[in-house]
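Me: I'm new to this one. Please walk me through it with some questions and answers.

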Amino acid sequence: MSWAKYKKKYRPLFRRPKEASWTKKTLEELSYVKIKDLRLSISQSSLLSQAIKEVLREWERLGFSWQPSFWLSTEWYYAEGTKGVAIPFYLAHPHLMALEKYLIGRIEGKDKEDIKKYLRHELGHLLDYAYRWRFHKSRRQLFGLSSQKYPISYTVVSHSKKYVRNLPAHYAQSHPDEDFAETFAYYMKYRTVWRKKHKSGTLFKKLSLIEELVKMAPVSQPKNLSGFRPGKVNQINLSLNAFYLRRAYDCDITYREIEQKFYGMTIKDPFLSLRKDLKKWIEPLAIPIHYKDYLLHRYHSPLFKNKRVLSLWRKGDKRALKKYVQNEPLKWLKNGPFYYT
Ligand SMILES: [Zn+2]
């Protein structure tokens, strides 16, 4: 489907926002606009505002007297120590949602219900951190240790009854913290009815624990949270084309595809051979291969910006480069603050 068709298809879903001047640009002109210059805000999107409003209503029903904050950034995440959730900026404008869908092929938050799934998930991370639930004995027994390393890839039991399904790719099965955030998201949505569906078993225990933790939590805001909003959209000094060329790799889309779509032509990629090698060496580490997205996101992208990788590549020392890439412990995973996606 062409860009023009995507724009047409997605536009009617939302109330027409106040037109910003960049919306009149051609796709190529738009590709050079810096994200901070898009002048985006949550309030300009009725879709986002509505999703947040509805999730906050659910939040209130959980009994908390304080409110989390929400801001636009490059992707969905919860940054430890903050009191809110970062939302991908493209959700703030139908034009950018269409662009995301056109370039990446899917949208994390394709409609209001989908956005609410992500919001609840990130709020799960927030509460897990804020109230230190992750150190609770039963939380550790049922979900596992928060300190467990994030794996390069994860194996999925597709019909497992031990996990909820909220986000795609059986994300709950990737790590104890993701399992917790996913189960919390499910609980938040089905707070009054989940007991009808789950009467025993692991999931029943997990949901019961979350219910108990929520009920026992102090209603006031925990003191360990700051109002800092890292990665705010108005500070992102990247053009859309630079952003999408980076993002393409996280999403396992080729640099060429993105350029083709932006400009209808390919510009020679100076890093093409390095990109190919990294892909070739890292992909076999992913089991099963369907979770390549996850692997590339967690490992490949930071590697590509790694100075040692770039210097070995420039020297042409392929053996050393391969060894480094495949054995390098995931040091960057330990560099705090940890960002949950
Ligand atoms: Zn998460």
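Reply: A definition to begin with: a helix is a DSSP run of H or I with at least four residues, a strand is a run of E with at least two, and both are numbered from the N terminus. Keep in mind that this is a predicted model.

Me: Which residue follows α3 with a positive phi?
Reply: Helix α3 covers residues 46–61. What follows α3 has a phi near 105°, and the residue is G63.

Me: What share of the contacts with a separation of 6 or more comes from residues 24 or more positions apart?
Reply: Let's start with burial: of the 341 residues in the protein, 32% are buried. As for contacts with a separation of 6 or more, the share from residues 24 or more positions apart is 67%.

Me: How far does α3 reach from its first C-alpha to its last?
Reply: α3 has 16 residues, and at 1.5 Å a residue you'd expect 22 Å. The model comes close to that, with a reach of 23 Å.

Me: Where do the buried residues of α3 lie around its axis, and what is their arc?
Reply: The buried ones are L47, L48, A51, I52 and V55. Looking down the axis of α3, they line one face of the helix, because their arc stays within 120°.

Me: What do the buried residues of α3 pack against?
Reply: Turned away from the buried side of α3 are the exposed residues K53, R57, E60 and R61. The buried residues of α3, on the other hand, pack against β1, β3 and α5.

Me: Is S73 buried or exposed?
Reply: S73 sits in strand β1. A residue is buried if 20 or more other C-beta atoms lie within 10 Å of its own. S73 has 21 such neighbours, so S73 counts as buried.

Me: How far apart in space are S73 and P230, C-alpha to C-alpha?
Reply: Skipping residues up to four places away in sequence, S73 touches A86, I87, F89, G231, K232 and V233. P230 is 157 residues from S73 in sequence, yet their C-alpha atoms are apart by 8.1 Å.

Me: At what angle do the axes of α10 and α11 cross?
Reply: Two packed helices are described by the angle between their axes and the distance between the axes. For α10 and α11 the axes come within 8 Å, and the crossing is right-handed. The angle is roughly 145°.

Me: Which residues in α11 meet α10?
Reply: On the α10 side we have N241, Y244, L245 and A248. By class, the contact has 6 nonpolar, 1 polar and 1 charged residues. The α11 partners are Y255, E257, I258 and F262.

Me: How wide is the arc of the buried residues of α11?
Reply: I258, E259 and F262 are buried in α11. They line one face of the helix, since they fall within an arc of 95°.

Me: How far apart are the C-alpha atoms of F262 and E28?
Reply: The cover over the buried residues of α11 includes α2, α4 and α10. F262 is in contact with L27, E28, S31 and N241, leaving aside its neighbours within four places in sequence. F262 and E28 are 234 residues apart along the chain, but their C-alpha atoms are separated by 5.9 Å.

Me: Which exposed residues are on the face of α9 turned away from its buried side?
Reply: The buried residues of α9 are K206, L207, L209 and I210. They cover an arc of only 155°, which puts them on the same side of α9. Their cover includes α6, α7 and α8. The face turned away carries E212, K215 and M216.

Me: Where is R39 found?
Reply: Most residues other than glycine have a negative phi. R39 has a positive phi of about 50° although it is not a glycine. Its place is the loop between α2 and α3.

Notes: Residues are numbered from 1 along each chain as its sequence is written. This is a predicted model: local features need pLDDT of at least 70, side-chain atom pairs count only at pLDDT 80 or more; totals for chains, interfaces and linings use all residues. Axes are lines fitted to C-alpha atoms, for helices over the stretch in contact, and angles run from 0 to 180 degrees between N-to-C directions. A crossing is left-handed if the near helix is turned anticlockwise from the far one by less than a right angle, and right-handed if clockwise. Two residues are in contact if their C-beta atoms, placed from the backbone, lie within 7 Å. Ala, Val, Leu, Ile, Met, Phe, Trp, Tyr, Cys and Pro count as nonpolar, Asp, Glu, Lys and Arg as charged, and the others, Gly among them, as polar. A residue is buried if 20 or more other C-beta atoms lie within 10 Å of its own, exposed if 12 or fewer, and partly exposed in between; C-beta atoms are placed from the backbone. The arc is that of the directions from the helix axis to the C-beta atoms. The expected span of a helix is 1.5 Å times one less than its number of residues.
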